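This report concerns a protein model with a ligand. Please view the sequence and the structure together before reading on.

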Amino acid sequence: MDKIVSLARRRGFVFPSSEIYGGISGCWDYGPLGIELRRNIKQAWWQSMVRERDDIVGIESSILMHPQVWVTSGHIERMVDPLVECKNCHLRYKADDIQGTRCPSCGGELTEARMFNVMFKTSVGPVEDSASVVYLRPETAQGMFVNFDNVVQSTRRKLPLGIAQQGKSFRNEITTGNFIFRSREFEQMEMEFFVKPGTDEKWFEYWVQERHDWFVKLGIKREHLGLNEHPKEKLAHYAKRCIDVTYLFPHGWAELEGIANRTDYDLKQHSRGSGKTLDFYDDETKEHYTPYVIEPAVGVDRSFLAFMCDAYAEEPDKDETRVVLHFHPALAPIKAAILPLSKKENLVAFARDVYAGIRPHFMVQYDDTQSIGRRYRRQDEVGTPYCVTVDFKSLEDKRVTVRERDSMKQIRIPVAELRKTLEAKLAGEDLYVLPPGGEIWNPEREKKG
Ligand code: ATP
């Protein structure tokens, strides 16, 4: 983990929040590369959950909701963690995390557990009194439940119907840690899939598989992923079944995503709480029923950490070691780097032209500092799939060399073919499928391996 944290900070993926004031625990800021990776993760999720499906739609609900939502949902009563404090060093722990009866840090005696609600409270309007209390949402899911009828009526959809949302959630966690794994402000990607009762078991199995496979498709190694079913006695009050997709993080196996069968609990509760019927009317079978809900819920930040850990490698390269992030091209923050071999004016001008031609189409970076070997290393370290080198010969033959991050193989192609070539390679085409006028760079060396 130390290596990931240090790389993340050094290269501008993740910084401690408000660092110049000493930081604030459980909060993180994402830097120029981090924000690109986050957006790519969110985009990949939105693409597979909303854009490529005709049974899921998206929404964005507000973070502050009517306070009654949290009473009805059970969060006021149940979103509590048992808190214990060491009488000697005053460190606080979630009682569930403690084995034995003594403080893990100093061995001191612990207080009795008291229940602590993890929702952040704030108030609306200028007067702070009990009537103005609102909460920062601890999950995005309630936004989908309270909008169920709005979405069904406005889209005229049939079941099964999913409603998806991405957005910030807040939990005043007793203990944060393991970098961005558990924080107090984080982002979730959740989808509530409303189905006819009786079909819920089938859809539950379907979503467990689907979500597991999404991580595999985006490059996470199968052997680093697991499925962990919650035993009946540990299920949340609303759940009939729950399976976590787990990941082998540097601190051990832990939940990456949770898939729950929430039954008809939420819609029934909000129906009671609001007095509005939240049924579905099936006009083919003329039935009224309250749908069951299957919920895959995952954190952006936790996925970010898993994708970074899984992509990280240290590989021998000649006499040295190179650090590489083997990101899936869809997630890589920078898709290609344009690197002129020297800072000579005519070469820089040519390379800048190449850069300008590619920039509207991909996230590309231009870099003309230090030696070419160093620049390759810098791009490998942040997971850039392709480096495009512009050399003196490029001025004459209008070709550039494209180097692949993972194999370090190279091809030489006409500048005019660069955009199309990068598009094809980023989509998964083999590097040695050459565009018109392209050739394998330095074939003698390639033959020798
Ligand atoms: P945990 O048991 O780790 O506290 P949870 O079961 O309470 O998590 P859910 O309520 O199921 O979590 O939330 C769904 C997802 O949101 C989690 O799988 C995780 O990816 C993410 N998540 C939840 N809490 C946090 C947090 N404090 N920091 C970062 N991500 C979180």
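## Basis of the model

The model is predicted; local features need pLDDT of at least 70, side-chain atom pairs count only at pLDDT 80 or more, and totals for chains, interfaces and linings use all residues. Residues are numbered from 1 along each chain as its sequence is written, and side-chain values use heavy atoms, with hydrogens and water left out.

## The largest pocket

The largest pocket has a volume of about 1,700 Å³. On a 1 Å grid over the protein atoms alone, a pocket is an open set of points where a 1.4 Å probe fits, with protein on both sides within 12 Å along at least five of seven lines, and lining residues have an atom within 4 Å of a point. The volume is the space filled by probe spheres set on the points, which are joined across faces, edges and corners. The lining comprises 48 residues, of which Lys94, Arg171, Arg182, His230 and Glu255 are the closest to the pocket centre.

Among the elements that each supply at least two lining residues are α4 (75-78), β4 (80-85), β10 (185-195), β13 (252-263) and α9 (300-311). Helices (H or I, at least four residues) and strands (E, at least two) are DSSP runs, numbered from the N terminus. The largest share of the lining, 7 residues, belongs to β13. By class, 18 lining residues are nonpolar, 11 polar and 19 charged; Ala, Val, Leu, Ile, Met, Phe, Trp, Tyr, Cys and Pro count as nonpolar, Asp, Glu, Lys and Arg as charged, and the others, Gly among them, as polar.

## The ligand and its shell

The ligand sits in the largest pocket, in the sense that more than half of its atoms lie within 2 Å of the pocket's grid points. It is surrounded by 15 residues, the closest being Arg171, Glu173, Arg182, Ser183 and Glu255; a residue belongs here if one of its heavy atoms lies within 4 Å of the ligand. The greatest contribution to this shell, 4 residues, is that of β13. The shell divides into 5 nonpolar, 4 polar and 6 charged residues.

Nitrogen atoms of the ligand lie 2.7 Å from a side-chain N or O atom of glutamate 173 and 2.9 Å from a backbone N or O atom of serine 183. An oxygen atom of the ligand is 2.6 Å from a side-chain N or O atom of glutamate 255. Taken alone, the ligand exposes 590 Å², of which the protein buries 81%; these areas come from the Shrake-Rupley method with a 1.4 Å probe.

## Backbone features

The peptide bond from leucine 159 to proline 160 is cis, with omega near -5°. Proline 160 is in the loop between α6 (148-155) and β9 (161-170).

Histidine 90, a residue other than glycine, has a positive phi near 65° and is found in the loop between β4 and β5 (92-94). Methionine 408 also has a positive phi, of about 60°, and is placed in the loop between β22 (399-404) and β23 (410-414).

Technical notes. A polar contact is a pair of N or O atoms within 3.5 Å; within protein, one must be able to donate a hydrogen and the other to accept it, and residues adjacent in sequence count only if both atoms are side-chain atoms.
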